[in-house]
Amino acid sequence: MYYVKNQRDGKEIHDPRINLAIEYYLLNEVELDEPILLFYINEHSIIVGRNQNTYEEVNTSYVEENGITVVRRFSGGGAVYHDMGVLNFCFLTKDNGNSFRDFKKFTSPVIDALHQMGVEGAELRGRNDLVIDGKKFSGNAMYAKNNRLTAHGTLMFDSEIEAVVRALKPKKHKLESKGIKSIRSRVTNIKPYLNDSYQYMNAKDFRDKLLLYIFNTDTTETIKEYKLTAEDWVKIEEFAEQFTANWEWNYGKSPAFDMERSERLSVGTVEVKMNVRKGIIEDIRIYGDFFGMGEIKDVEDALQGIPYTKEALADAFEQIDTTKYFGHVEVSELLDLLY
C-alpha cells in the first residue's frame, strides 16, 4: 500500500475543498499497483453526501456566522462536521465487485489500531458507523467509478462536539428513529478512551500513530509513498474548480417544488421533491443518505415525463437497477414513498 501526504511545498493542507479534490483526483487519475491511503485534517467545515440536499442538512445561519466551509463529496451517506480535531482517512483501491458497502473490510485496520491503544469498546455498528460504547465517533462512505473504489471516513479524535450539534440540522424523523433526543447524546471523541500513555496526542499525533499500526512498522521511513507532482497539482486544482470549490456543486439551485415526500427506508433516508403538471412528472429531485454506485440523475431522468400513476412508476422502476442507485431496497418501498 502507498501513502499519500496532502502536502504542497512541504506544507500540510487543511482546506476541505482541496483535500476532497485530492481524493477525487487519486480515484480518477492515479492507478498504482497497490491500494492508496490518504489522511487529512480539515479546518471547520461540513461535508455533505453526494445525494443530499445541502439546505436541508446544514444550519445555514450558524455556518455563515462562523465561516464554516460547506463541501459536497462524491460518495453517498450523511453530512459530517470536520474541524482540526477530526482525522479523515481514505482508502483507494481497485473495485473487485464485492467490496462496495463492505465497510468492515476498510474499517478493520482502524478498529484494530484503536484496540491496541486501549479503546476496547470500538466497533463497527449498523451500516457504516464506528462506535465506542454505543456512541458514534466515525461515519463512513464509499464511492465507485471506472472499476476503482474510494472508502473513506471521519474519526472524531478531539472535535468540538458543541459545534457539531449547532452546525448540522438533522431531520426530526432521523432522530426519532434512533430513539434519542439530540446529536450530543450519541456522538463521542476517541481521545478520552485512549490509554494514559496516549493522552498527549492531538489529531496529527494520532494520525502518525495510526500510520505505524496500519503499515506495521516502527518508523514512517519504511512507508511507501506516492508523492504528488506539479502535474498532479494542476489537475487537482482543476477538479476543485469544477467540483469541490464550485457553489453549483456544493449547493446548487434549489427550485420550488409542489410535492415533497421524505421517509426513512431500509437503505436510509430518501427524500423526493416533484413538480406534477396535468398528471405528468415535469421535474423531480431525489436526495438522501443512501449509498448508491450510480448517478442519481439517471433515476430522475427516467422518472421525468412519465404519468404520475403508481402503474407508470412501477413500470419505470422495472427498467432501473434500483440496487445500483439506492442499495438493497424493495421497489415497493420506493413506490410507497413516491405515491
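First, the basis of what I report. This is a predicted model, in which local features need pLDDT of at least 70, side-chain atom pairs count only at pLDDT 80 or more, and totals for chains, interfaces and linings use all residues. Residues are numbered from 1 along each chain as its sequence is written, and side-chain values use heavy atoms, with hydrogens and water left out.

The pLDDT is the predictor's confidence in each residue, from 0 to 100. Its mean for the protein is 90, and 94% of the residues reach 70 or more. Over residues 173-181, however, pLDDT stays under 50. For that stretch the model has 14 contacts beyond four places in sequence, a contact being heavy atoms within 4.5 Å.

Let me turn to helix 11, residues 310-318. Helices (H or I, at least four residues) and strands (E, at least two) are DSSP runs, numbered from the N terminus. Which residues of helix 11 are buried? They are A312, L313, A316 and F317. These four cover an arc of only 135° around the axis, which puts them on the same side of helix 11; the arc is that of the directions from the helix axis to the C-beta atoms. An α-helix has 3.6 residues a turn, so residues three or four places apart point the same way. The face turned away from the buried side carries the exposed residues E311 and E318. Buried here means under 20% relative accessible area, exposed over 50%, and partly exposed in between, with a 1.4 Å probe and protein chains only. The buried residues of helix 11 pack against strand 15 (280-288), helix 10 (296-303), helix 12 (322-326) and helix 13 (331-338).

Next, the salt bridges. A salt bridge is a side-chain nitrogen of Lys or Arg within 4 Å of a carboxyl oxygen of Asp or Glu. How many salt bridges does a search of the whole structure find? The search finds 18. One of them joins R8 to E237, with the closest N and O atoms 2.5 Å apart. This pair links distant parts of the chain, since R8 lies in strand 2 (residues 7-8) and E237 in helix 8 (residues 230-242), 229 residues apart. R8 is partly exposed at 33% relative accessibility, and E237 is partly exposed at 38%. Another salt bridge pairs R125 with E123, at 2.6 Å between the closest N and O atoms. The side chains of E271 and K273 also meet in a salt bridge, at 3.3 Å from N to O; both E271 and K273 are buried.

I come now to the largest pocket, which holds about 720 Å³ of space. Of its 44 lining residues, the closest to the centre are G78, A79, V80, K136 and G139. Strand 11 gives the most to this lining, with six residues. A pocket is an open set of points on a 1 Å grid over the protein atoms alone, where a 1.4 Å probe fits, with protein on both sides within 12 Å along at least five of seven lines; lining residues have an atom within 4 Å of a point. Grid points are joined across faces, edges and corners, and the volume is the space filled by probe spheres set on the points.

Finally, E295 is found in the loop between strand 15 and helix 10. Leaving aside neighbours within four places in sequence, E295 is in contact with R50, Y143 and Y325.
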